[in-house]
Amino acid sequence: MDVLDEPAVQQKLHYQDLIPVIAQALAALSSGKVVQPVRSVLPVALHRGFFAVMPAYADGEGGALGAKLVTFYPQNVGLHTHHALIVMFKAETGEPLAVMDGRLITEMRTAAASAVATERLARQDASVLGILGSGVQAKSHLAALRQVRSFKEVRVWSPRNAAAFAQRHGVTAAATAADAVRDADVVVVAASATTPILQGRWLSPGTHVNAIGATRPEWRELDDDLVTTARIFVDSREAALRESGDVIASRRGSEVTEIGAVVSGADPGRRTPSEITLFKSVGVAVEDVAAAALVLRA
């Protein structure tokens with residue numbers, strides 16, 4: 001059985017390979033070819049953290065079987081907020097194949113899923129990217145989305161570190177969240193918010209939004225204006241309706257579309273150049289298992 005630490009995973013995982021693998025995994029999920037319960041979350045109340053278990057089995061020839069054990073400690077300072085291990089098994093016999101670090105996989109597969117959505121939902125001429133947040137996911141989304149669109153301008157806002165992020169990545173720091181997203185073609189919300197930080201009235205017609213946080217039913221990162229007017233896409237309808245405060249608040253569960261249906265061609269995706277599209281991601285186990293299987297193949 002292989003044991004891979006984060007540097008070993010990093011050596012084998014690249015966005016140009018990961019993005020199409022995540023697209024295939026999400027299409028398989030929406031086509032009923034994945035067995036995946038909604039994650040089980042255990043609050044670690046004394047330390048204000050969460051521990052989650054996320055198993056998945058992707059059916060078919062070469063099917064991947066595994067589970068992620070992940071912690072989320074949003075109050076961490078000087079440490080990553082997410083830590084994880086992924087355990088992979090041989091689907092045919094149940095034999096353990098590998099244990100690998102899952103922190104980087106969590107980081108990269110989240111951004112890769114947003115890239116899948118952006119590739120299919122953002123306008124082809126999208127050239128301005130606005131990012132709310134300056135942490136790990138802001139960095140990973142900047143790298144992943146550049147694989148699917150050519151941005152002439154990138155703006156970033158965060159409560160504390162926008163200037164440092166902008167200097168490090170050669171982008172522009174915005175003074176306010178509204179300034180970062182005004183007239184942007186694509187927006188990323190990656191700021192660990194539990195109350196809304198993005199308002200629909202700031203967005204121009206035709207904007208595509210990737211929102212990846214607020215993955216508890218009582219948390220929000222988007223205001224009512226946005227979630228009640230945008231066309232909503234998710235990674236998993238079942239998970240989003242249980243875990244995403246923003247999707248729950250929209251009261252539009254029957255209208256929510258899985259992005260895997262767009263990948264497979266079952267749904268057309270963007271219908272008009274002017275509609276606002278929203279990809280609300282909660283992160284699902286099949287993404288982790290597919291990414292880990294890619295690492296093993298590499």
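The points below concern a predicted model and are grouped by topic.

**Packing of helix 2 and helix 3**

- Two packed helices are described by the angle between their axes and the distance between the axes.
- For helix 2 (residues 15-30) and helix 3 (residues 103-121), the axes come within 8 Å and cross at roughly 75°.
- Angles of 65 to 115 degrees count as roughly perpendicular, and helix 2 and helix 3 are therefore roughly perpendicular to each other.
- Helix 2 contributes Tyr15, Leu18, Ile19, Ile22, Ala23 and Leu26 to the contact.
- On the side of helix 3, the contact residues are Met108, Arg109, Ala111, Ala112, Ala113, Ala115, Val116, Glu119 and Arg120.
- By class, the residues of this contact comprise twelve nonpolar and three charged, with no polar residue among them.

**Ser140 in helix 4**

- Ser140 belongs to helix 4.
- The relative accessible area of Ser140 is 1%; because buried means under 20%, Ser140 counts as buried.
- When neighbours within four places in sequence are set aside, Ser140 is in contact with Tyr15, Glu107 and Ala111.
- Tyr15 and Ala111 also take part in the contact between helix 2 and helix 3.

**The two sides of helix 5**

- Ala162, Phe165 and Ala166 are the buried residues of helix 5 (residues 162-169).
- Viewed down the axis of helix 5, these buried residues fall within an arc of 100°, so they line one face of the helix.
- An α-helix has 3.6 residues a turn, so residues three or four places apart point the same way.
- The face of helix 5 turned away from the buried side carries Ala163, Gln167 and Arg168, which are exposed.
- Packing partners of the buried residues of helix 5 are helix 4 (136-145), strand 9 (153-157) and strand 10 (172-173).
- Gly170 follows helix 5 and has a positive phi, near 70°.

**Ser250 in helix 9**

- Ser250 lies in helix 9, which spans residues 245-250.
- With a relative accessible area of 5%, Ser250 is buried.
- The side chain of Ser250 reaches the backbone oxygen of Val247 at 2.6 Å.
- Apart from neighbours within four places in sequence, Ser250 is in contact with Val227, Thr228 and Ile232.

Terms used
Residues numbered from 1 in each chain as written. Predicted model: local features only at pLDDT ≥ 70, side-chain atom pairs only at ≥ 80, totals over all residues. Heavy atoms only, no water. Helix = DSSP H or I, 4+ residues; strand = E, 2+ residues; numbered from the N terminus. Buried < 20%, exposed > 50% of the residue type's maximum accessible area, 1.4 Å probe, protein only. Polar contact = N/O pair within 3.5 Å; in protein donor to acceptor, adjacent residues only side chain to side chain. Contact = heavy atoms within 4.5 Å. Axes fitted to C-alpha atoms, helices over the stretch in contact; angles between N-to-C directions. Parallel < 35°, antiparallel > 145°, perpendicular 65-115°, else oblique. Nonpolar A, V, L, I, M, F, W, Y, C, P; charged D, E, K, R; others polar. Arc of directions from axis to C-beta.
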